[in-house]
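Dear colleague,

I am passing on the structure below, and I would be glad if you could look it over before reading my notes. The notes that follow set out what was found in it.

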Amino acid sequence: MLIPLNRTLSELRGTKTLVAFNGRQEFLYSDLLEKVGCFSRLLSKESIGEWVLYSKDSYLFLIGLLSIWQTGSTAVLPINIQSENLKATLKSSRGIVTDLELDIKDKPCLSLLESLSSGPSFVFKELDPDKTALLLHSSGSTGKPKVIKKTLGNLNSELLSWEELLGGKLRKTRCVSTVSHQHIYGLLHRLLWPFCSGRAFFSETIFFPPELVNLMGGTKSYCLVSGPAHLKRMGEALPPKEIKNNLRFIFSSGGPLDKNTALFYQRRFGLTPFEIYGSTETGGMAWRQRTSKADSEAWNLLEQVQIKPSNDSPKLWVSSPFIYQQHDEWWPLDDRVEILSESRFILKGRSDRTVKIEEKRLSLPELEDKLLEHQFIKEVFALSLDASHPAERDQIGIAAVLNAGGISFLNAQGRLGLIALFKKELSKYFEAVLIPRYWRFLDCLPVDEVGKTPLGQVKALFSDRSQKNAPQILMRRETADGLLKKLNVSHELRFFKGHFEHLPCVPGSVQLAWASEALRELISDEIRIKAFESVKFLNLLRPKTTFFLEIKNLETNLRFSFRIWNETLEFSKGIFLLGKVNQTKTL
Amino acid sequence: MSDAILLEKELKTLLIHHLKLEDIKEEDILSEAPLFGDGLGLDSIDALELGLLLQTQYGIQIQENSDKNDQYFSSVKALAEFVKNNRQK
């Protein structure tokens, strides 16, 4: 039975009920009551208001959360604990409740690790469900983090609707998780829902697959609260027998799970991950379980949630009791959808520049703003580089134009030194997963006729990542009659090996291949390169050289010229003769 | 070259290829430098992939999410030591 959050302490459960456990200890309801009583007494000596709460351990976090609520305060969950972020969050709060050792002077820092002495018993009250209980932070699409309020009533309604849908399937399972309770999905699914429904939770966060396997075996049943980042990587490392025997249910949220991973879990463990679609603002909205059927891509709305399309934009509007609002309002979402029926829809991606990187939301404008604040950067464009294969990770790429100071730093310290400098600056605000891995320093950002930076052209700058055999692209510009690229030959390209040991250079055939690849970016697949004409190799193209590669359309569409040169030397040039594929049969 | 140095080289190459670290060459990674945070700048997803890599490559199962892991993963040198003492293949 689900006890509403505002009555979890005033409405007594059996004191021997197991609340939480870790590898060494079990915590009963009576232990929790005592701890919350002690901590509440401590907290009641401080002023009432907003308190930042952070702990890696779910049981300690729960003690902090319940104590904050019992003493009439509001819990603030920071978006991450990067130094500048935590500083900013603390500024508007009374203090922090945490198990971290922090060097904070100007605000009270109450440690959850302190062994608390018992004293006069603290009287637990029933709490007001309409009072703001929780402030969550989320990266907003405009570049400024948003603060999202939740009342206990908002949280209660969501817990109740999940309990009605799935409570029966989860009964008597213990909850284990790979996701943090510091975000809404983990908070509800790994901590508050188990707690309110009397299911025990594992207080640590599972990271490596063997930790999960260690819990399996034995006779207990488990439910796993996870997400795509872990599920897609750990499946192969889990032993089918133990998982089949002990794992009853898998939740996934934080981003869509790819179909192949979902089918893999079904095939190997007989468990189809139950995916939840939602956001910090809205809480959970819909669910799906992917099967081989085509229509399993669609999401099913929770009964209490309503959606409607917007008339003038591809945005989605949502109304739900899980959203904090004064009136009965519709809330706009930045996800684009195709509505199939009143209760089913398909997601079509974001309508703004917010991306998800391994379950973590990132506002690209916010990242750009932080980089623009750096003294070396003149212009910047951030983009998400989609994984070309489900096993690969999503990445952030940065195309940046440096100012004079930046260029001289680059010349003196090299790319690695400059990139390290930018990464260090960003790490004050962003978690490591969101720090860009791929950097391109350009003379200027590509611009189209209306002055916008075309995403496709910037993306093309990163097409060489992971290809050790391609020159690095420093610039790419489509010209009136062709294409111009500025490239750099690094000294580690594969073909240097064995090609003139004492005089490494780029073979002519490789230069022709680079020119052909550039040409292919301009012409359709049906057209093929029939022959080369007047090809000349004029100078040796040596490692660590920056050069231009230009493709030009000559008068007729079937002749293109190429030229590879830089300010001091011309390396090669020639002409391509083209023909349509169907014409070649007769040639 | 000693076995320890060879294993460190092997791990550096594995890290670069497996985690697709752009711009970084084997000689750029100092054996004593931290892998996470300020050093090589690896993140939690890399840690997970590294854990799985140790399992497939060396048959090492990382049993618990403990402070000891932070120690094994603190640098290439520490990692090489951990692999040497725990490898099954």
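At 44% relative accessibility, B:Leu6 counts as partly exposed, where buried means under 20% relative accessible area, exposed over 50% and partly exposed in between, with a 1.4 Å probe and protein chains only. B:Leu6 belongs to helix α1 (residues 3-18) of chain B, helices (H or I, at least four residues) and strands (E, at least two) being DSSP runs numbered from the N terminus.

This is a predicted model, in which local features need pLDDT of at least 70 and side-chain atom pairs count only at pLDDT 80 or more, while totals for chains, interfaces and linings use all residues. Residues are numbered from 1 along each chain as its sequence is written, chains are lettered from A and ligands numbered from 1 in the order in which they are written, and side-chain values use heavy atoms, with hydrogens and water left out.

Chain A is divided into domain 1 (1-205), domain 2 (208-220 + 228-352), domain 3 (354-456) and domain 4 (463-587), with bounds that come from an automatic or database domain assignment. Taken over C-alpha atoms, the centres of domain 2 and domain 3 of chain A are separated by 30 Å; 13 residues of domain 2 of chain A are in contact (heavy atoms within 4.5 Å) with eight residues of domain 3 of chain A.

Over all chains the structure holds 25 salt bridges, each a side-chain nitrogen of Lys or Arg within 4 Å of a carboxyl oxygen of Asp or Glu. In one of these, A:Arg174 pairs with A:Glu26, the closest N and O atoms being 3.5 Å apart. Because A:Arg174 lies in strand β9 (residues 173-177) of chain A and A:Glu26 in strand β2 (residues 26-28) of chain A, the pair ties together parts that are 148 residues apart in sequence. A:Arg174 counts as buried, at 14% relative accessibility, whereas A:Glu26 is partly exposed, with a relative accessible area of 49%. Finally, A:Lys232, A:Arg233, A:Glu358 and B:Glu49 are linked in a network of salt bridges.
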